[in-house]
Amino acid sequence: MSQTSPFVVSADWLQERLDKPGLSIVDGAWYLPAQGRDARAEYQAAHIPGAVFFDHDKVVEPGSNLPHTLPSPRLFAQFASSMGIDEKDEIVVYDGPGFFSAPRVWWMFRLMGADKVYVLDGGLDRWRREGRPVTAETTKIASCFFEADCDPAKVVSLAEMQEIVAEGAAQIADARPAGRFAGTDPEPRPGMRSGHMPGARNVPAASLSREGSLLPVDELRATLEAAGLDLSRPVVTSCGSGVTAAVISLALASVGHEDNRLYDGSWSEWGARADTPVVTGND
């Protein structure tokens with residue numbers, strides 16, 4: 001039997017624990033404009049009972065000119081506390097399709113010191129197809145204090161990324177679709193050059209799941225290696241704005257790869273500058 005990721009929980013597992021103390025359920029849905037979905041409106045119409053909404057566009061560092069910039073530990077703790085989430089809770093995150101934006105929330109909570117953080121297999125779309133309970137009622141939030149213990153070494157800055165590209169000290173895994181990586185498809189944000197960082201490998205986020213489920217561990221490993229990654233070496237994950245890069249981060253953690261970091265600025269930062277090298281094609 002194929003081994004599943006230790007960071008993924010089933011719908012049965014979650015449904016059996018909906019009223020369990022110490023469980024925090026987080027709707028971490030976020031969508032690109034082309035997907036034609038409104039995450040907040042969908043949450044307000046129907047969410048898993050007890051779930052709180054994680055707004056990717058608000059849980060950010062204020063004043064940044066980039067989308068989805070990771071907030072400071074102090075600010076993240078304020079956001080988490082306002083959602084009634086304690087770092088000692090069992091935290092289950094979901095999005096609509098399963099493994100698109102939820103892994104970013106998974107990554108952020110783990111980065112900030114929470115240990116028991118999981119992603120819901122199948123997402124809300126499958127949960128609803130299976131007739132499991134949803135509600136439009138406002139979730140009652142109990143007061144709490146999230147104590148952040150951030151590991152800043154897991155986040156890569158622009159300066160570090162420039163050094164990595166120049167010297168090759170780590171592998172770069174880019175989660176954007178193949179067309180955007182190769183430069184044949186335009187970026188969804190204006191002002192972005194097309195292409196990728198020299199030396200980067202393309203690991204489209206969608207290639208790591210199937211029908212809403214993260215691939216089994218052996219298939220994850222094979223997919224990562226087929227993309228050209230050496231799993232004995234360090235990896236930096238990247239994407240458009242730091243969201244789907246976390247899908248690769250989740251896949252790496254699932255296969256036991258620990259020496260990986262996330263480039264938070266991602267292509268929104270790199271592709272908008274005039275002084276960063278960009279290449280096109282599949283190499």
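1. Basis of the values. The model is predicted, so that local features need pLDDT of at least 70 and side-chain atom pairs count only at pLDDT 80 or more, while totals for chains, interfaces and linings use all residues. Residues are numbered from 1 along each chain as its sequence is written, and side-chain values use heavy atoms, with hydrogens and water left out.

2. Aromatic pairs. The structure holds eight aromatic pairs, where rings of Phe, Tyr and Trp (its six-membered ring) pair if their centres lie within 6.5 Å, and planes under 30 degrees apart count as stacked, over 60 as edge-to-face and the rest as tilted. One of them joins F76 and F146, whose ring centres are 5.7 Å apart and whose planes stand at 75°, so this pair is edge-to-face. Because F76 lies in helix α3 (residues 73-82) and F146 in the loop between α5 (123-129) and β6 (155-156), the pair ties together parts that are 70 residues apart in sequence. Helices (H or I, at least four residues) and strands (E, at least two) are DSSP runs, numbered from the N terminus.

3. F109 and F146 form another aromatic pair that is edge-to-face, at 5.8 Å centre to centre and with 65° between the planes. This pair links distant parts of the chain, with F109 in helix α4 (residues 102-111) and F146 in the loop between α5 and β6, 37 residues apart. F109, like F146, is buried, and ring pairs link F54, F76, F109 and F146 into a cluster.

4. Charges over rings. The charged end of R132 sits over the ring of W127, at 5.7 Å from the ring centre, and the charged end of R176 sits over the ring of W267, at 4.3 Å from the centre of that ring. A charge sits over a ring if NZ of Lys or CZ of Arg is within 6 Å of the ring centre and within 35 degrees of the ring normal.

5. The largest pocket. What is the volume of the largest pocket? Its volume is about 490 Å³, and of the 28 residues that line this pocket, the closest to its centre are L32, Q35, F100, P177 and T244. A pocket, on a 1 Å grid over the protein atoms alone, is an open set of points where a 1.4 Å probe fits, with protein on both sides within 12 Å along at least five of seven lines, and lining residues have an atom within 4 Å of a point. Grid points are joined across faces, edges and corners, and a volume is the space filled by probe spheres set on the points. The lining of the largest pocket has 16 nonpolar, seven polar and five charged residues, where Ala, Val, Leu, Ile, Met, Phe, Trp, Tyr, Cys and Pro count as nonpolar, Asp, Glu, Lys and Arg as charged, and the others, Gly among them, as polar.

6. The second largest pocket. This pocket has a volume of about 370 Å³ and is lined by 20 residues, of which P49, G50, V52, T139 and K140 lie nearest its centre. Strand β2 (residues 23-27) gives the largest share of the lining, three residues, and by class the lining has nine nonpolar, seven polar and four charged residues.

7. The sheet. Five strands form an open sheet with parallel pairing, in the order β6-β12-β11-β7-β8; two strands pair if DSSP finds at least two bridges between them. Because β6 and β8 (201-202) stand at the edges with a single partner strand each, one side of each is left without a neighbour in the sheet. Two bridges pair β6 with strand β12 (residues 260-263) in the parallel sense: V155 has L262 as its bridge partner, and V156 has Y263. Strand β11 (residues 235-238) runs parallel to β12 and is joined to β12 by three bridges, and V236 stands opposite R261 in β12.

8. Helix α9 and A148. Helix α9 (residues 245-254) is mostly covered, as 10 of its 10 residues are buried, and α9 is followed by G256, whose phi is positive, near 90°. A148 is found in the loop between α5 and β6 and, at 27% relative accessibility, counts as partly exposed.

Definitions and conventions:
Buried means under 20% relative accessible area, exposed over 50%, partly exposed in between (1.4 Å probe, protein chains only).
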